[in-house]
Amino acid sequence: MRAWIRRFWTAARTPSARWGVGTLLVVGVLAGAIGWGAFQVVVARTNTLEFCTSCHEMQAFVYQEYKQSPHFTNGSGVRAICSDCHVPHAMAPKLWRKFQATYNELPNHVLGSIDTREEFEAHRKEMAEHVWAKMKSNDSRECRGCHTREAMVLGKQKPRARAQHTDMLTTHETCIDCHKGIAHHLPKSAVDEKKPPAEDDFSL
Amino acid sequence: MNAMPHRFHAPLRVLACVLALGLAPVASAAVDWSKAKEREVVLFYPGQASWEWVMTQADHSGATKFRGGKNCRGCHDGEQADIGAEIVAGGHKLDAHPPAGKPGSLHLFVRTAHDADRLYFQFRWKPGPAKNPTKGDTAARVTVMLDDGGIKESARAGCWASCHDDAIGMASAAPGSKTTKYLGGSRVKLTRQGGGTQLKPDADIKAMLASDAFLEYWQARLNPGKPATAVGGYILAERAKATAPAVTADAEFSGGEWHVTLSRPLKSGGPGQKNFVAGKPYAVGFAVHDDYAEHRHHFVSLEYTLQLDGGTADFVATGK
(Lines give C-alpha, C1' and ligand atoms only; values in the text may rest on other atoms or scores of the structure.)
Protein backbone atom coordinates (compact mmCIF):
# COMPACT_ATOMS: atom_id res chain seq x y z
CA MET A 1 0.00 0.00 0.00
CA ARG A 2 2.76 2.43 1.01
CA ALA A 3 4.76 1.52 -2.11
CA TRP A 4 1.69 2.20 -4.23
CA ILE A 5 1.17 5.60 -2.69
CA ARG A 6 4.88 6.45 -3.17
CA ARG A 7 4.71 5.43 -6.81
CA PHE A 8 1.61 7.57 -7.38
CA TRP A 9 3.18 10.52 -5.64
CA THR A 10 6.39 10.24 -7.68
CA ALA A 11 4.43 9.97 -10.95
CA ALA A 12 2.29 12.94 -10.02
CA ARG A 13 5.39 15.07 -9.35
CA THR A 14 7.24 14.08 -12.53
CA PRO A 15 6.68 16.46 -15.46
CA SER A 16 5.16 14.82 -18.48
CA ALA A 17 7.63 14.11 -21.29
CA ARG A 18 4.86 13.10 -23.67
CA TRP A 19 1.91 15.58 -23.34
CA GLY A 20 2.12 19.29 -23.89
CA VAL A 21 1.13 21.70 -21.07
CA GLY A 22 -1.78 23.04 -23.16
CA THR A 23 -3.11 19.55 -23.78
CA LEU A 24 -2.90 18.68 -20.13
CA LEU A 25 -4.64 21.95 -19.20
CA VAL A 26 -7.47 21.48 -21.68
CA VAL A 27 -7.96 17.84 -20.73
CA GLY A 28 -7.85 18.79 -17.05
CA VAL A 29 -10.38 21.60 -17.41
CA LEU A 30 -12.66 19.42 -19.51
CA ALA A 31 -12.44 16.53 -17.07
CA GLY A 32 -13.17 18.95 -14.22
CA ALA A 33 -16.15 20.45 -16.02
CA ILE A 34 -17.58 17.05 -16.91
CA GLY A 35 -17.03 15.85 -13.36
CA TRP A 36 -18.71 18.94 -11.88
CA GLY A 37 -21.56 18.71 -14.35
CA ALA A 38 -22.09 15.04 -13.62
CA PHE A 39 -22.02 15.79 -9.91
CA GLN A 40 -24.62 18.53 -10.35
CA VAL A 41 -26.79 16.19 -12.36
CA VAL A 42 -26.60 13.57 -9.63
CA VAL A 43 -27.43 16.15 -6.94
CA ALA A 44 -30.34 17.51 -9.00
CA ARG A 45 -31.65 14.06 -9.89
CA THR A 46 -31.61 12.96 -6.27
CA ASN A 47 -33.58 16.11 -5.40
CA THR A 48 -36.58 15.34 -7.59
CA LEU A 49 -40.00 14.22 -6.45
CA GLU A 50 -39.69 11.17 -8.69
CA PHE A 51 -36.43 10.11 -7.09
CA CYS A 52 -37.71 10.62 -3.52
CA THR A 53 -40.86 8.61 -4.20
CA SER A 54 -39.08 5.85 -6.11
CA CYS A 55 -38.59 3.94 -2.87
CA HIS A 56 -41.47 1.80 -1.68
CA GLU A 57 -41.59 3.30 1.82
CA MET A 58 -41.78 6.86 0.50
CA GLN A 59 -44.26 6.02 -2.25
CA ALA A 60 -46.65 3.98 -0.13
CA PHE A 61 -46.81 6.06 3.04
CA VAL A 62 -45.22 9.50 2.98
CA TYR A 63 -46.11 10.44 -0.59
CA GLN A 64 -49.80 9.56 -0.20
CA GLU A 65 -50.17 11.91 2.76
CA TYR A 66 -48.20 14.68 1.11
CA LYS A 67 -50.49 14.48 -1.96
CA GLN A 68 -53.40 15.59 0.27
CA SER A 69 -51.53 18.63 1.54
CA PRO A 70 -51.48 22.22 0.28
CA HIS A 71 -47.78 21.86 -0.42
CA PHE A 72 -48.74 19.47 -3.24
CA THR A 73 -51.71 21.34 -4.72
CA ASN A 74 -53.01 24.78 -3.80
CA GLY A 75 -54.71 27.86 -5.14
CA SER A 76 -51.56 29.51 -6.40
CA GLY A 77 -50.27 26.47 -8.26
CA VAL A 78 -46.86 26.53 -6.60
CA ARG A 79 -45.65 23.13 -5.45
CA ALA A 80 -43.06 22.45 -2.79
CA ILE A 81 -41.56 19.00 -3.30
CA CYS A 82 -39.78 16.81 -0.71
CA SER A 83 -36.36 18.36 -1.22
CA ASP A 84 -37.69 21.92 -0.89
CA CYS A 85 -38.42 21.19 2.76
CA HIS A 86 -36.03 18.39 3.61
CA VAL A 87 -32.80 19.22 1.72
CA PRO A 88 -30.90 22.44 2.40
CA HIS A 89 -30.71 24.79 -0.54
CA ALA A 90 -27.11 26.07 -0.11
CA MET A 91 -24.41 23.83 -1.57
CA ALA A 92 -22.34 22.88 1.49
CA PRO A 93 -25.26 21.90 3.79
CA LYS A 94 -26.92 20.22 0.82
CA LEU A 95 -23.87 17.99 0.26
CA TRP A 96 -23.71 17.20 3.96
CA ARG A 97 -27.37 16.16 3.89
CA LYS A 98 -26.75 13.93 0.84
CA PHE A 99 -23.83 12.39 2.66
CA GLN A 100 -26.00 11.75 5.70
CA ALA A 101 -28.58 10.04 3.51
CA THR A 102 -25.99 7.56 2.32
CA TYR A 103 -25.27 6.28 5.82
CA ASN A 104 -28.75 6.70 7.28
CA GLU A 105 -31.63 6.41 4.83
CA LEU A 106 -29.89 4.12 2.32
CA PRO A 107 -28.83 1.35 4.74
CA ASN A 108 -32.29 1.40 6.35
CA HIS A 109 -33.87 1.14 2.93
CA VAL A 110 -31.68 -1.86 2.07
CA LEU A 111 -32.38 -3.43 5.47
CA GLY A 112 -36.11 -2.89 4.96
CA SER A 113 -36.61 -1.11 8.29
CA ILE A 114 -39.90 0.44 7.11
CA ASP A 115 -41.50 -2.04 4.77
CA THR A 116 -44.99 -2.20 6.22
CA ARG A 117 -47.62 0.30 7.39
CA GLU A 118 -47.11 -0.97 10.95
CA GLU A 119 -43.38 -0.37 10.80
CA PHE A 120 -43.98 3.08 9.37
CA GLU A 121 -46.46 4.00 12.11
CA ALA A 122 -44.11 2.59 14.77
CA HIS A 123 -41.36 4.94 13.60
CA ARG A 124 -43.51 7.91 12.60
CA LYS A 125 -43.16 9.81 15.86
CA GLU A 126 -39.39 9.32 16.07
CA MET A 127 -38.91 10.42 12.46
CA ALA A 128 -41.19 13.43 12.86
CA GLU A 129 -39.41 14.52 16.02
CA HIS A 130 -36.05 14.32 14.23
CA VAL A 131 -37.29 16.61 11.49
CA TRP A 132 -38.92 19.01 13.96
CA ALA A 133 -35.72 19.23 16.02
CA LYS A 134 -33.68 19.89 12.90
CA MET A 135 -36.06 22.62 11.70
CA LYS A 136 -36.18 24.21 15.13
CA SER A 137 -32.37 24.23 15.36
CA ASN A 138 -31.90 26.02 12.04
CA ASP A 139 -34.78 28.51 12.46
CA SER A 140 -36.90 26.66 9.87
CA ARG A 141 -34.31 27.48 7.21
CA GLU A 142 -35.93 25.44 4.46
CA CYS A 143 -39.42 26.89 5.15
CA ARG A 144 -37.90 30.32 4.77
CA GLY A 145 -36.60 29.39 1.34
CA CYS A 146 -40.13 30.29 0.20
CA HIS A 147 -41.88 31.93 3.17
CA THR A 148 -40.13 35.07 4.33
CA ARG A 149 -41.37 37.44 6.97
CA GLU A 150 -40.40 40.36 4.71
CA ALA A 151 -42.66 39.15 1.91
CA MET A 152 -45.63 38.53 4.21
CA VAL A 153 -48.46 41.06 4.13
CA LEU A 154 -49.89 40.64 7.59
CA GLY A 155 -52.98 42.64 6.68
CA LYS A 156 -54.00 39.94 4.23
CA GLN A 157 -53.84 37.24 6.87
CA LYS A 158 -56.59 36.03 9.20
CA PRO A 159 -56.43 37.60 12.65
CA ARG A 160 -55.03 34.43 14.19
CA ALA A 161 -52.18 34.22 11.68
CA ARG A 162 -51.54 37.94 11.89
CA ALA A 163 -51.26 37.78 15.67
CA GLN A 164 -48.91 34.79 15.65
CA HIS A 165 -46.68 36.19 12.93
CA THR A 166 -46.44 39.49 14.79
CA ASP A 167 -45.51 37.60 17.95
CA MET A 168 -42.86 35.65 16.07
CA LEU A 169 -40.73 38.79 15.89
CA THR A 170 -40.44 39.06 19.64
CA THR A 171 -40.83 35.49 20.91
CA HIS A 172 -38.14 33.96 18.67
CA GLU A 173 -40.52 31.22 17.73
CA THR A 174 -39.96 29.66 14.36
CA CYS A 175 -42.22 28.29 11.64
CA ILE A 176 -42.14 24.67 12.81
CA ASP A 177 -43.23 25.64 16.34
CA CYS A 178 -46.77 26.05 14.99
CA HIS A 179 -46.79 24.44 11.56
CA LYS A 180 -46.30 20.78 12.41
CA GLY A 181 -48.12 18.10 10.46
CA ILE A 182 -48.78 20.29 7.44
CA ALA A 183 -47.44 17.91 4.78
CA HIS A 184 -47.64 14.63 6.68
CA HIS A 185 -50.07 13.41 9.28
CA LEU A 186 -49.11 14.10 12.86
CA PRO A 187 -47.88 11.15 14.92
CA LYS A 188 -50.89 9.62 16.60
CA SER A 189 -49.57 10.17 20.07
CA ALA A 190 -49.32 13.88 19.38
CA VAL A 191 -53.02 14.22 18.66
CA ASP A 192 -55.03 11.33 20.06
CA GLU A 193 -53.49 10.34 23.35
CA LYS A 194 -55.16 12.21 26.17
CA LYS A 195 -51.93 12.96 27.93
CA PRO A 196 -52.34 14.31 31.42
CA PRO A 197 -52.01 18.03 30.92
CA ALA A 198 -48.71 19.53 31.88
CA GLU A 199 -50.66 22.37 33.44
CA ASP A 200 -52.39 21.70 36.71
CA ASP A 201 -53.31 25.29 37.39
CA PHE A 202 -56.48 26.34 35.62
CA SER A 203 -56.74 29.80 37.10
CA LEU A 204 -55.49 32.91 35.39
CA MET B 1 -116.77 49.18 28.65
CA ASN B 2 -117.75 50.65 25.32
CA ALA B 3 -119.02 53.76 27.01
CA MET B 4 -115.76 54.32 28.92
CA PRO B 5 -113.94 56.47 26.36
CA HIS B 6 -116.84 58.90 26.23
CA ARG B 7 -116.54 59.55 29.93
CA PHE B 8 -112.79 60.42 29.52
CA HIS B 9 -112.11 64.09 29.10
CA ALA B 10 -109.28 65.04 26.73
CA PRO B 11 -106.93 66.34 29.48
CA LEU B 12 -107.47 63.13 31.41
CA ARG B 13 -106.62 61.10 28.35
CA VAL B 14 -103.34 62.99 27.93
CA LEU B 15 -102.58 62.49 31.61
CA ALA B 16 -103.27 58.77 31.29
CA CYS B 17 -100.91 58.53 28.34
CA VAL B 18 -98.14 60.36 30.17
CA LEU B 19 -98.61 58.14 33.20
CA ALA B 20 -98.60 55.02 31.06
CA LEU B 21 -95.35 56.07 29.41
CA GLY B 22 -93.78 57.01 32.68
CA LEU B 23 -94.70 53.73 34.31
CA ALA B 24 -93.83 51.47 31.38
CA PRO B 25 -90.87 49.43 32.54
CA VAL B 26 -89.35 49.05 29.08
CA ALA B 27 -89.73 52.56 27.87
CA SER B 28 -87.14 52.04 25.14
CA ALA B 29 -88.91 54.81 23.25
CA ALA B 30 -87.04 57.10 25.61
CA VAL B 31 -83.80 55.98 24.00
CA ASP B 32 -82.57 57.53 20.80
CA TRP B 33 -81.67 54.36 18.92
CA SER B 34 -80.71 56.32 15.83
CA LYS B 35 -77.42 57.19 17.48
CA ALA B 36 -76.70 53.59 18.52
CA LYS B 37 -74.43 51.85 16.07
CA GLU B 38 -75.49 48.31 15.25
CA ARG B 39 -72.74 45.73 15.33
CA GLU B 40 -72.85 42.24 13.90
CA VAL B 41 -71.60 39.59 16.29
CA VAL B 42 -71.06 36.10 14.91
CA LEU B 43 -72.07 33.54 17.51
CA PHE B 44 -70.95 29.95 16.98
CA TYR B 45 -71.70 26.47 18.22
CA PRO B 46 -68.95 25.67 20.75
CA GLY B 47 -69.47 21.95 21.32
CA GLN B 48 -67.88 20.92 24.61
CA ALA B 49 -65.12 23.52 24.65
CA SER B 50 -64.88 24.38 28.34
CA TRP B 51 -62.66 26.80 30.23
CA GLU B 52 -60.41 23.85 31.10
CA TRP B 53 -60.27 22.83 27.43
CA VAL B 54 -59.19 26.36 26.52
CA MET B 55 -56.40 26.20 29.10
CA THR B 56 -55.02 22.77 28.05
CA GLN B 57 -52.32 22.77 25.41
CA ALA B 58 -52.91 19.13 24.42
CA ASP B 59 -56.51 20.04 23.52
CA HIS B 60 -56.22 23.63 22.36
CA SER B 61 -53.00 24.58 20.60
CA GLY B 62 -53.46 28.21 21.59
CA ALA B 63 -53.49 27.43 25.32
CA THR B 64 -49.94 28.66 25.87
CA LYS B 65 -50.67 31.90 24.03
CA PHE B 66 -53.90 32.30 26.01
CA ARG B 67 -52.11 31.74 29.31
CA GLY B 68 -49.48 34.19 28.10
CA GLY B 69 -52.07 36.98 27.85
CA LYS B 70 -53.86 36.67 24.52
CA ASN B 71 -57.67 36.89 24.47
CA CYS B 72 -59.82 34.48 22.46
CA ARG B 73 -60.55 37.16 19.88
CA GLY B 74 -56.84 37.89 19.55
CA CYS B 75 -56.58 34.70 17.53
CA HIS B 76 -60.12 33.67 16.59
CA ASP B 77 -61.91 36.85 15.57
CA GLY B 78 -63.18 36.33 12.04
CA GLU B 79 -63.01 32.55 12.36
CA GLN B 80 -66.19 32.09 14.38
CA ALA B 81 -68.33 30.78 11.53
CA ASP B 82 -65.57 28.42 10.39
CA ILE B 83 -65.09 27.05 13.90
CA GLY B 84 -68.81 26.42 14.32
CA ALA B 85 -69.11 24.78 10.90
CA GLU B 86 -66.24 22.46 11.74
CA ILE B 87 -67.82 21.37 15.02
CA VAL B 88 -71.34 20.76 13.67
CA ALA B 89 -69.94 18.76 10.76
CA GLY B 90 -69.88 15.77 13.13
CA GLY B 91 -67.14 13.50 14.40
CA HIS B 92 -65.38 16.47 15.93
CA LYS B 93 -63.49 16.00 19.18
CA LEU B 94 -65.53 18.81 20.70
CA ASP B 95 -68.81 17.13 19.80
CA ALA B 96 -68.91 13.73 18.14
CA HIS B 97 -72.70 13.90 17.73
CA PRO B 98 -73.94 17.47 17.34
CA PRO B 99 -77.72 18.01 16.99
CA ALA B 100 -78.84 17.01 13.49
CA GLY B 101 -79.17 19.96 11.14
CA LYS B 102 -77.68 22.44 13.63
CA PRO B 103 -76.03 25.37 11.83
CA GLY B 104 -72.50 26.20 12.91
CA SER B 105 -73.15 29.86 13.58
CA LEU B 106 -75.77 32.58 14.04
CA HIS B 107 -75.50 36.25 13.16
CA LEU B 108 -76.64 38.44 16.01
CA PHE B 109 -77.04 42.18 15.49
CA VAL B 110 -76.56 44.19 18.65
CA ARG B 111 -77.16 47.80 19.63
CA THR B 112 -76.84 49.28 23.05
CA ALA B 113 -77.86 52.58 24.62
CA HIS B 114 -78.90 54.08 27.92
CA ASP B 115 -81.16 56.78 29.26
CA ALA B 116 -81.11 58.47 32.63
CA ASP B 117 -82.15 55.32 34.45
CA ARG B 118 -81.60 52.21 32.40
CA LEU B 119 -79.10 50.37 30.17
CA TYR B 120 -80.56 48.73 27.07
CA PHE B 121 -79.45 46.03 24.68
CA GLN B 122 -81.33 45.60 21.45
CA PHE B 123 -80.90 42.37 19.50
CA ARG B 124 -82.13 41.03 16.22
CA TRP B 125 -81.38 37.75 14.50
CA LYS B 126 -82.83 35.32 12.02
CA PRO B 127 -83.52 31.94 13.60
CA GLY B 128 -81.87 28.93 12.04
CA PRO B 129 -83.83 26.01 10.59
CA ALA B 130 -86.33 24.36 12.96
CA LYS B 131 -84.76 20.94 13.41
CA ASN B 132 -85.02 20.19 17.10
CA PRO B 133 -87.54 17.36 17.53
CA THR B 134 -87.79 17.87 21.32
CA LYS B 135 -89.72 21.11 21.56
CA GLY B 136 -89.30 22.44 25.08
CA ASP B 137 -91.17 25.31 26.64
CA THR B 138 -88.92 28.05 25.29
CA ALA B 139 -88.47 28.51 21.56
CA ALA B 140 -85.49 30.82 21.87
CA ARG B 141 -83.43 32.65 24.45
CA VAL B 142 -81.01 35.53 24.10
CA THR B 143 -78.60 36.22 26.94
CA VAL B 144 -76.04 38.87 27.69
CA MET B 145 -73.37 38.27 30.32
CA LEU B 146 -71.79 41.30 31.95
CA ASP B 147 -68.81 41.99 34.13
CA ASP B 148 -67.20 45.16 35.45
CA GLY B 149 -63.67 43.83 35.94
CA GLY B 150 -64.30 41.58 38.91
CA ILE B 151 -63.65 38.44 36.88
CA LYS B 152 -60.51 38.67 34.77
CA GLU B 153 -61.36 35.43 32.94
CA SER B 154 -64.40 37.15 31.52
CA ALA B 155 -62.38 39.99 29.95
CA ARG B 156 -60.12 37.38 28.39
CA ALA B 157 -62.60 34.73 27.33
CA GLY B 158 -66.12 36.12 27.78
CA CYS B 159 -68.68 33.51 28.78
CA TRP B 160 -66.02 30.78 28.97
CA ALA B 161 -65.19 32.19 32.41
CA SER B 162 -68.30 30.35 33.58
CA CYS B 163 -68.29 27.29 31.33
CA HIS B 164 -66.68 24.28 32.94
CA ASP B 165 -65.95 20.73 31.92
CA ASP B 166 -68.28 19.17 34.51
CA ALA B 167 -71.39 21.25 33.73
CA ILE B 168 -74.50 19.62 32.28
CA GLY B 169 -73.78 18.02 28.92
CA MET B 170 -70.07 18.73 29.05
CA ALA B 171 -67.30 16.16 28.59
CA SER B 172 -66.60 15.52 32.29
CA ALA B 173 -70.18 15.85 33.60
CA ALA B 174 -71.19 13.12 36.04
CA PRO B 175 -74.29 11.20 34.91
CA GLY B 176 -77.37 13.07 36.04
CA SER B 177 -75.31 16.07 37.13
CA LYS B 178 -77.24 19.31 37.49
CA THR B 179 -74.15 21.50 37.61
CA THR B 180 -74.84 24.81 35.90
CA LYS B 181 -72.48 27.62 35.12
CA TYR B 182 -70.10 28.65 37.88
CA LEU B 183 -66.88 30.60 38.35
CA GLY B 184 -63.55 28.84 38.90
CA GLY B 185 -62.94 31.15 41.87
CA SER B 186 -65.83 29.56 43.76
CA ARG B 187 -64.15 26.14 43.83
CA VAL B 188 -61.27 24.96 46.01
CA LYS B 189 -59.40 23.75 42.94
CA LEU B 190 -59.95 23.45 39.21
CA THR B 191 -58.68 20.39 37.36
CA ARG B 192 -58.98 19.44 33.69
CA GLN B 193 -62.36 17.97 34.66
CA GLY B 194 -63.61 21.23 36.16
CA GLY B 195 -64.07 22.38 39.73
CA GLY B 196 -66.31 19.58 41.01
CA THR B 197 -68.40 20.07 44.09
CA GLN B 198 -65.70 21.26 46.49
CA LEU B 199 -66.80 24.82 47.07
CA LYS B 200 -64.88 27.47 48.96
CA PRO B 201 -66.31 28.34 52.39
CA ASP B 202 -69.57 30.28 52.44
CA ALA B 203 -67.83 33.34 53.85
CA ASP B 204 -65.49 33.45 50.83
CA ILE B 205 -68.39 33.17 48.38
CA LYS B 206 -70.26 35.94 50.20
CA ALA B 207 -67.15 38.10 50.11
CA MET B 208 -66.90 37.52 46.36
CA LEU B 209 -70.51 38.54 45.89
CA ALA B 210 -69.94 41.67 47.96
CA SER B 211 -66.82 42.63 46.00
CA ASP B 212 -68.37 42.33 42.53
CA ALA B 213 -66.51 39.07 41.82
CA PHE B 214 -69.44 37.57 39.93
CA LEU B 215 -70.88 37.69 36.43
CA GLU B 216 -74.30 39.14 35.85
CA TYR B 217 -76.64 37.86 33.16
CA TRP B 218 -79.82 39.15 31.56
CA GLN B 219 -81.95 36.84 29.50
CA ALA B 220 -85.11 37.02 27.40
CA ARG B 221 -87.09 33.80 26.99
CA LEU B 222 -89.11 33.83 23.83
CA ASN B 223 -92.06 32.11 22.27
CA PRO B 224 -93.66 33.43 19.09
CA GLY B 225 -96.93 35.26 19.75
CA LYS B 226 -96.31 35.50 23.49
CA PRO B 227 -94.73 38.24 25.60
CA ALA B 228 -91.08 37.70 26.41
CA THR B 229 -90.09 36.56 29.87
CA ALA B 230 -87.15 38.37 31.43
CA VAL B 231 -84.71 36.58 33.67
CA GLY B 232 -81.87 38.28 35.51
CA GLY B 233 -79.31 36.80 37.78
CA TYR B 234 -75.68 36.19 38.47
CA ILE B 235 -73.10 33.44 38.26
CA LEU B 236 -70.77 32.70 41.10
CA ALA B 237 -70.94 29.29 42.81
CA GLU B 238 -73.80 28.46 40.48
CA ARG B 239 -76.28 30.21 38.22
CA ALA B 240 -78.51 32.13 40.60
CA LYS B 241 -81.56 34.25 39.97
CA ALA B 242 -81.48 37.84 41.14
CA THR B 243 -82.99 38.43 44.54
CA ALA B 244 -84.38 41.76 43.35
CA PRO B 245 -85.54 41.14 39.77
CA ALA B 246 -84.80 44.17 37.64
CA VAL B 247 -84.35 42.97 34.06
CA THR B 248 -87.13 43.59 31.57
CA ALA B 249 -87.54 42.09 28.12
CA ASP B 250 -89.53 43.26 25.14
CA ALA B 251 -89.74 41.06 22.08
CA GLU B 252 -91.41 40.74 18.76
CA PHE B 253 -91.04 38.27 15.93
CA SER B 254 -91.44 40.06 12.63
CA GLY B 255 -90.00 39.91 9.15
CA GLY B 256 -88.55 36.49 9.89
CA GLU B 257 -86.46 37.96 12.71
CA TRP B 258 -86.54 38.15 16.46
CA HIS B 259 -86.35 41.72 17.76
CA VAL B 260 -85.58 41.80 21.46
CA THR B 261 -84.80 44.60 23.90
CA LEU B 262 -83.31 43.78 27.29
CA SER B 263 -82.83 46.44 29.91
CA ARG B 264 -82.07 47.01 33.55
CA PRO B 265 -81.61 50.06 35.79
CA LEU B 266 -78.11 51.48 35.63
CA LYS B 267 -77.94 51.37 39.38
CA SER B 268 -77.48 48.06 41.13
CA GLY B 269 -80.63 46.92 42.89
CA GLY B 270 -78.81 44.72 45.37
CA PRO B 271 -76.38 41.79 45.60
CA GLY B 272 -75.67 40.12 42.27
CA GLN B 273 -76.14 43.27 40.22
CA LYS B 274 -73.48 45.53 38.74
CA ASN B 275 -73.50 49.31 38.72
CA PHE B 276 -73.27 50.82 35.26
CA VAL B 277 -71.41 54.10 35.20
CA ALA B 278 -69.78 56.16 32.45
CA GLY B 279 -66.09 55.63 31.83
CA LYS B 280 -65.84 52.19 33.39
CA PRO B 281 -64.96 49.29 31.06
CA TYR B 282 -67.31 46.29 31.07
CA ALA B 283 -66.86 42.85 29.55
CA VAL B 284 -69.85 41.44 27.66
CA GLY B 285 -70.64 38.14 26.01
CA PHE B 286 -73.75 37.02 24.14
CA ALA B 287 -75.53 33.72 23.66
CA VAL B 288 -78.59 32.58 21.74
CA HIS B 289 -80.41 29.33 22.45
CA ASP B 290 -82.13 28.86 19.13
CA ASP B 291 -84.71 26.24 18.08
CA TYR B 292 -85.60 25.04 21.62
CA ALA B 293 -81.93 24.38 22.42
CA GLU B 294 -81.00 23.58 26.00
CA HIS B 295 -77.80 24.00 28.00
CA ARG B 296 -74.63 23.87 25.92
CA HIS B 297 -76.45 23.50 22.58
CA HIS B 298 -76.39 27.25 22.10
CA PHE B 299 -74.53 29.75 19.97
CA VAL B 300 -72.01 31.88 21.88
CA SER B 301 -69.91 34.92 21.18
CA LEU B 302 -66.30 35.54 22.06
CA GLU B 303 -65.48 38.38 24.49
CA TYR B 304 -66.53 41.97 23.79
CA THR B 305 -66.23 45.23 25.67
CA LEU B 306 -68.79 47.86 26.63
CA GLN B 307 -68.51 51.43 27.84
CA LEU B 308 -71.03 54.13 28.56
CA ASP B 309 -70.85 57.56 26.93
CA GLY B 310 -67.75 57.20 24.79
CA GLY B 311 -64.51 55.30 24.72
CA THR B 312 -62.91 52.69 22.52
CA ALA B 313 -65.03 49.72 23.58
CA ASP B 314 -66.69 47.41 21.04
CA PHE B 315 -70.06 48.72 22.22
CA VAL B 316 -70.50 52.28 23.39
CA ALA B 317 -73.86 52.90 25.01
CA THR B 318 -74.69 56.54 24.64
CA GLY B 319 -77.33 58.42 26.56
CA LYS B 320 -79.89 60.72 25.12
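Predicted model: local features only at pLDDT ≥ 70, side-chain atom pairs only at ≥ 80, totals over all residues.
Local features require pLDDT of at least 70 and side-chain atom pairs count only at pLDDT 80 or more, while totals for chains, interfaces and linings use all residues. Residues are numbered from 1 along each chain as its sequence is written, and chains are lettered from A and ligands numbered from 1 in the order in which they are written.

Between the two chains, 11 residues of chain A are in contact with 20 residues of chain B, two residues being in contact if their C-beta atoms, placed from the backbone, lie within 7 Å. The side of chain A that touches chain B comprises 6 nonpolar, 1 polar and 4 charged residues. In this classification, Ala, Val, Leu, Ile, Met, Phe, Trp, Tyr, Cys and Pro count as nonpolar, Asp, Glu, Lys and Arg as charged, and the others, Gly among them, as polar.

Within chain B, strand β4 spans residues 140–147; helices (H or I, at least four residues) and strands (E, at least two) are DSSP runs, numbered from the N terminus. Because 8 of its 8 residues are buried, β4(B) is largely enclosed by the rest of the structure. A residue is termed buried if 20 or more other C-beta atoms lie within 10 Å of its own, exposed if 12 or fewer, and partly exposed in between, with C-beta atoms placed from the backbone. In a regular strand the side chains alternate between the two faces of the sheet. On one side of β4(B), Ala140(B), Val142(B), Val144(B) and Leu146(B) are buried, as are Arg141(B), Thr143(B), Met145(B) and Asp147(B) on the other.

Strand β4(B) runs antiparallel to β5(B) (residues 215–222), to which 7 bridges join it; pairing requires at least two DSSP bridges between two strands. In this pairing Ala140(B) stands opposite Leu222(B). A further 7 bridges join β4(B) to β10(B) (residues 282–289), also in an antiparallel arrangement, with Thr143(B) opposite Ala287(B).

Helix α8(B), by contrast, lies largely in the open, because 0 of its 9 residues are buried. Asp212(B), which follows α8(B), has a positive phi near 65°. The loop between α7 (152–157) and α8 (202–210) of chain B contains Lys189(B), which counts as partly exposed because it has 13 C-beta neighbours inside 10 Å. A separation of 8.5 Å is found between the C-alpha atoms of Lys189(B) and Leu199(B), 10 residues apart along the chain.

Trp33(B) occupies the loop between α2 (10–23) and β1 (39–44) of chain B. With 14 C-beta neighbours inside 10 Å, Trp33(B) is likewise partly exposed. Residues up to four places away in sequence aside, Trp33(B) touches Arg111(B), Ala113(B) and Gln122(B).
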